[in-house]
Amino acid sequence: MFFFIMGLFMIYFDKFFFIEYMFFFFNSCLVLYVILIDWMSLMFISFVFLISSMILLYSMEYMNYDFNKSRFLMLMNFFIMFMFCLIISPNLISILLGWDGLGMVSFCLVVFYQNKKSYSSGLVTVILNRLGDLFIIMSMIWMLNFGSWNFILIDYYINLNYLFFIMLMIMFASLTKSAQIPFSSWLPLAMAAPTPVSSLVHSSTLVTAGIYLMIRFNEIFLQFSFLNYLMVVSCLTMLMAGLNAIFEFDLKKIIAFSTLSQMSFMFMILCLGKIDMCFFYLLMHALFKSMMFLSAGILILNMNNNQDIRKMGGLIDYLPFCGLIFMFTLMSLCGFPFFCSFYSKDLIFEYFLMMNLNFFFFFFFLFSFLLTFFYSIRVIYYLMMMNFSMYNYMMIIKYESKILIISMIFISFIMIFFGSFFMWLMFYKFDLILLEFKFKILSILILFFSIWFFFELNNFLFSMSYFISLFNVFFFGMMWNLLFFKINFFLNNFLYIGFFSLKVIEVGWIEYNLNSGLIFFLKKLILFSQNIFLNSYKVYILLFFLWFLIIFFFNY
């Protein structure tokens, strides 16, 4: 709350503070710990603290019977601390500290339920996150030329050639963290973590770190011509995530794919050059997505830890409050009028319609919008409207604990009522939006069309031939076979190379040659030299003069 009020003051007085602490300097490169406090970082910190406090309250109840409860809470607190480090630092070194910490803690949380699935998911997660760290380290090495790692000061060097490469590296780092297309396979796999983790880490904070970095670097980023390429990447990711969410049956993975598509939505806004809107949508998305995960966690808990949405149904009768909040979050995701996301999403939608973009982007954008509506309606249908189908679990636990409800109701209240408040706060001057009526009403039309289309398609899909649906599930449900490529061509080869080097080189040839051969030879050599030196003093004098002459003649 304190951070939020401070953020309001910063917006109102248009101030920011810049606090610097120097550790040492190296070749005129100052290694500083820098803290930048402006309205953006304060707002983001206040949202992160709000969500994480509610999630910690939730997980105290949710992980109550877990064996490693204390370790879990400690890891969550570590995560919040590293996020704090990342948000307040305008300096690449301190950003790397936060970034690395996020990757490490997220790995620890993904492998929390130590089984085979968790370990494989954690391996993919940690390798792709290390890739992002590598990009940031490369950009740090490039920035050694500037004498400072503060990217606030970089605007002076805007004409330099290698700023392009720095920005490229930072863009790649953001893409790995926010799971855009080449690197997008880790986000659905990270759902092997406990539900409070996927709520805090993989919806509201960790995946938004990449976009936050891009927002921070916006002045340089908008100078270069990456925007078109990034636009293409985010369009494709949005499309892919939407299609996957349609063909997925795991509840948490559906929410993960929706997070992925919203991430690429934010990247699209960023490419259009609307920084404030991107940030605003980031905050709103963090609110409703964390709530969505928490309510899904209660549903999964009551369904005897079952995540398959085909086995659920009619939950609005059994768990009314939870189902209601889940409906609200899905409506907010669709940009339903007067929910928190409506104020950002509708605004962005209308800006998008005003941009002079080509038909390709336009079509992809609208199609991804349609897919968003579509999978939301699908989840509502499967969870709320179908008949209750878990006959084998007829002993349904009606378990909506007080603590779980309190932790959810607070953020839900903010989510439902405070959207307009945040919008008036952040945008005190608007650009003029001029659109025809048919474009104004387009989003509502897409919503109604997708509802109709869903029920039509639902009747049609069951009568479709088995083979086509099999192909669809394999191609669309496997992230366009991206996962297959990544596992087979990256991870398996790396592991195989490691295995090979261990077996053949370390235990094989090196053992034979070094331990028995080379060390034996060195031992003989040392004994030989010792014998020479022990026998005669002349050799010492001779060598001394030899070295003396060498040093004397070659000392230019």
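**Notes on the helix packing and salt bridges**

1. Let's start with a helix pair: the axes of helix 8 and helix 11 (residues 251-271) come within 11 Å of each other and cross at roughly 15°. Axes here are lines fitted to C-alpha atoms, for helices over the stretch in contact, with angles running from 0 to 180 degrees between N-to-C directions. Helices (H or I, at least four residues) and strands (E, at least two) are DSSP runs, numbered from the N terminus. Helix 8 and helix 11 are therefore roughly parallel to each other; angles under 35 degrees count as roughly parallel, over 145 as roughly antiparallel, 65 to 115 as roughly perpendicular and the rest as oblique. The crossing of helix 8 with helix 11 is right-handed, with handedness set by how the near helix is turned from the far one by less than a right angle: anticlockwise is left-handed, clockwise right-handed.

2. A word on what you're looking at. This is a predicted model, where local features need pLDDT of at least 70 and side-chain atom pairs count only at pLDDT 80 or more, while totals for chains, interfaces and linings use all residues. Residues are numbered from 1 along each chain as its sequence is written, and side-chain values use heavy atoms, with hydrogens and water left out.

3. Back to that pair. On the helix 8 side, the residues that meet helix 11 are T195, S198, H202, S203, V207, T208, I211, M214 and I215, and their partners in helix 11 are K252, T259, M263, M266, F267 and L270. By class, this contact of helix 8 with helix 11 divides into eight nonpolar, six polar and one charged residues. For the classes, Ala, Val, Leu, Ile, Met, Phe, Trp, Tyr, Cys and Pro count as nonpolar, Asp, Glu, Lys and Arg as charged, and the others, Gly among them, as polar.

4. H202 deserves a look of its own. This histidine sits in helix 8 and counts as buried, at 0% relative accessibility. The cut-offs are under 20% relative accessible area for buried, over 50% for exposed, and partly exposed in between (1.4 Å probe, protein chains only). Setting aside neighbours within four places in sequence, H202 is in contact (heavy atoms within 4.5 Å) with S106, V110, W186, L187, A190, M191, A193, V197, V207 and T259. K289 is 87 residues from H202 in sequence, yet the two are 9.5 Å apart in space, C-alpha to C-alpha.

5. The other packed pair is helix 4 with helix 6 (residues 163-177), at an angle of about 25° and with axes 13 Å apart. That makes helix 4 roughly parallel to helix 6, and the crossing of helix 4 and helix 6 is left-handed. L92, W99, L102 and G103 in helix 4 meet I170, A173, S174 and K177 in helix 6. The contact of helix 4 with helix 6 has five nonpolar, two polar and one charged residues.

6. While you're on helix 6, check T176, which has its place there. T176 is buried, with a relative accessible area of 0%. Beyond its neighbours within four places in sequence, T176 is in contact with L128, N129, L131, G132, F135, F183 and W186.

7. How many salt bridges does the structure hold? Three, a salt bridge being a side-chain nitrogen of Lys or Arg within 4 Å of a carboxyl oxygen of Asp or Glu. One of them joins the side chains of D38 and R216 (3.1 Å, N to O). D38 lies in the loop between strand 2 (29-37) and helix 2 (39-62) and R216 in helix 8 (residues 195-216), so the pair ties together parts that are 178 residues apart in sequence. D38 is buried at 12% relative accessible area, and R216 is buried at 12% as well.

8. D100, R130 and D133 are linked in a network of salt bridges. D100 pairs with R130, the closest N and O atoms being 2.7 Å apart. With D100 in helix 4 (residues 92-110) and R130 in helix 5 (residues 116-142), the pair ties together parts 30 residues apart in sequence. R130 also meets D133 in a salt bridge (2.8 Å, N to O); being three residues apart in helix 5, R130 and D133 are separated by about one helical turn. D100 is partly exposed at 23% and R130 partly exposed at 43%, whereas D133 is buried at 1%.

9. For the overall picture, the secondary structure comes to 23 helices and two strands. Of the 556 residues, 52% count as buried.
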